[in-house]
Amino acid sequence: MAQENETVSRPELNLADYNTDKISNAYLDTYDEFLRPFIGKNISLLELGILNGGSLQLWSDYFTESKIVGVDIHLPKDFNPKGDIHMFKGSQADTKFLSEVCNNSAPEGFDIIIDDASHVGELTKISFWHLFDNHLKPGGLYVIEDWGTGYWEDWPDGRGFEMRRNSNKLSFFLDFFRKVRIGFFLYFPRLLARLLAYPFVVKMPSHDYGMVGFVKQLLDEQSAKDVTRKRISGKPTRISKFQKMIITPSIVFIIKAE
Ligand SMILES: C[S@@+](CC[C@H](N)C(=O)[O-])C[C@H]1O[C@@H](n2cnc3c(N)ncnc32)[C@H](O)[C@@H]1O
């Protein structure tokens with residue numbers, strides 16, 4: 001799909017003209033290659049998380065002739081949308097509400113869905129699977145913003161990233177022989193403790209909670225072919241629902257398989 005529209009560039013837009021929290025034009029640069037295939041087409045776009053409404057206006061100016069729908073638990077009071085923009089009050093985790101909005105606004109499915117709402121892993125996951133499976137067109141684009149919040153210690157479900165020591169077998173034994181020089185008997189209780197703990201030791205630094213945990217789960221879907229193949233001699237029982245998944249430092253882009 002991307003090749004179809006490669007020469008098209010986005011309209012001249014400046015983020016500073018919009019009351020949005022999309023921090024800088026770098027955000028739009030990241031978005032650019034994924035949005036380009038849709039420019040000039042009559043599309044429907046859903047964004048979770050409206051805040052002041054600036055991003056809905058931005059998308060409406062980006063995709064002129066298109067229908068822009070926003071969902072938020074609080075609707076902005078002083079936003080006067082220009083264009084085909086619609087707003088609905090409700091939670092991203094309320095699947096019944098989401099389906100009502102989608103069935104009324106885009107019964108054929110949305111072309112683009114952007115999640116810039118809670119940035120809480122469990123809520124993001126609920127809306128993702130509900131909207132991706134039921135209300136995103138094949139070939140459509142699903143965007144998850146600001147997933148790096150999952151690494152922040154002061155985010156509701158964030159957690160600091162701990163670099164734990166890599167405990168592969170080689171380093172385990174090298175460490176052991178180094179310790180032998182200090183004194184086997186001194187070390188013996190620790191050796192025993194480490195042997196007992198070995199099955200539970202984290203082999204690579206890991207982080208499986210909040211937004212980061214959710215994004216890592218998406219990797220499993222991207223790898224559905226190998227996940228269901230199970231072994232080199234196995235046969236996959238299904239392929240991924242994702243045609244492609246690209247992870248940038250702040251945004252995840254997923255294109256739904258046709
Ligand atoms: C980051 S702001 C959205 C910014 C906006 N998209 C922009 O670019 O200007 C996040 C919004 O998500 C809303 N929000 C938080 N939790 C939500 C939930 N569970 N369901 C829907 N919206 C939620 C907040 O009310 C807030 O307006």
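Helix α3 covers residues 95-105, and both Glu 100 and Lys 96 lie in it. They are 4 residues apart, about one turn of the helix. This is a predicted model, so please take the distances I quote as computed from it. Glu 100 and Lys 96 form a salt bridge, with 3.8 Å between the closest N and O atoms. The cut-off for a salt bridge here is 4 Å. A search of the whole structure gives 4 salt bridges.

Now the ligand. Where does the ligand sit? The space it takes is the largest pocket. There are 18 residues around the ligand, and those that come nearest are Thr 20, Gly 49, Asp 72, Gln 92 and Asp 116. Sorted by class, the shell around the ligand has 8 polar, 5 charged and 5 nonpolar residues.

Asp 72, one of the nearest residues, places a polar side-chain atom 2.7 Å from an oxygen atom of the ligand. Asp 116 is also on the list of nearest residues; an N or O atom in its side chain is 2.8 Å from a nitrogen atom of the ligand. For Ser 55, the distance from a side-chain N or O atom to a nitrogen atom of the ligand is 3.1 Å. How much of the ligand's exposed area does the protein bury? Taken alone, the ligand exposes 600 Å², and 86% of that is buried by the protein.

To recap, the ligand takes up the space of the largest pocket, and Ser 55, Asp 72 and Asp 116 each bring a polar side-chain atom to it.

Terms used. Residues are numbered from 1 along each chain as its sequence is written. This is a predicted model: local features need pLDDT of at least 70, side-chain atom pairs count only at pLDDT 80 or more; totals for chains, interfaces and linings use all residues. Side-chain values use heavy atoms; hydrogens and water are left out. A residue is near a molecule or strand if one of its heavy atoms lies within 4 Å of it. A polar contact is a pair of N or O atoms within 3.5 Å; within protein, one must be able to donate a hydrogen and the other to accept it, and residues adjacent in sequence count only if both atoms are side-chain atoms. Accessible areas come from the Shrake-Rupley method with a 1.4 Å probe; for residues, only the protein chains shown count as cover. On a 1 Å grid over the protein atoms alone, a cavity is a set of points where a 1.4 Å probe fits but cannot get out, and a pocket is an open set with protein on both sides within 12 Å along at least five of seven lines; lining residues have an atom within 4 Å of a point. A molecule sits in a cavity or pocket if more than half of its atoms lie within 2 Å of its grid points. Ala, Val, Leu, Ile, Met, Phe, Trp, Tyr, Cys and Pro count as nonpolar, Asp, Glu, Lys and Arg as charged, and the others, Gly among them, as polar. A salt bridge is a side-chain nitrogen of Lys or Arg within 4 Å of a carboxyl oxygen of Asp or Glu. Helices (H or I, at least four residues) and strands (E, at least two) are DSSP runs, numbered from the N terminus.
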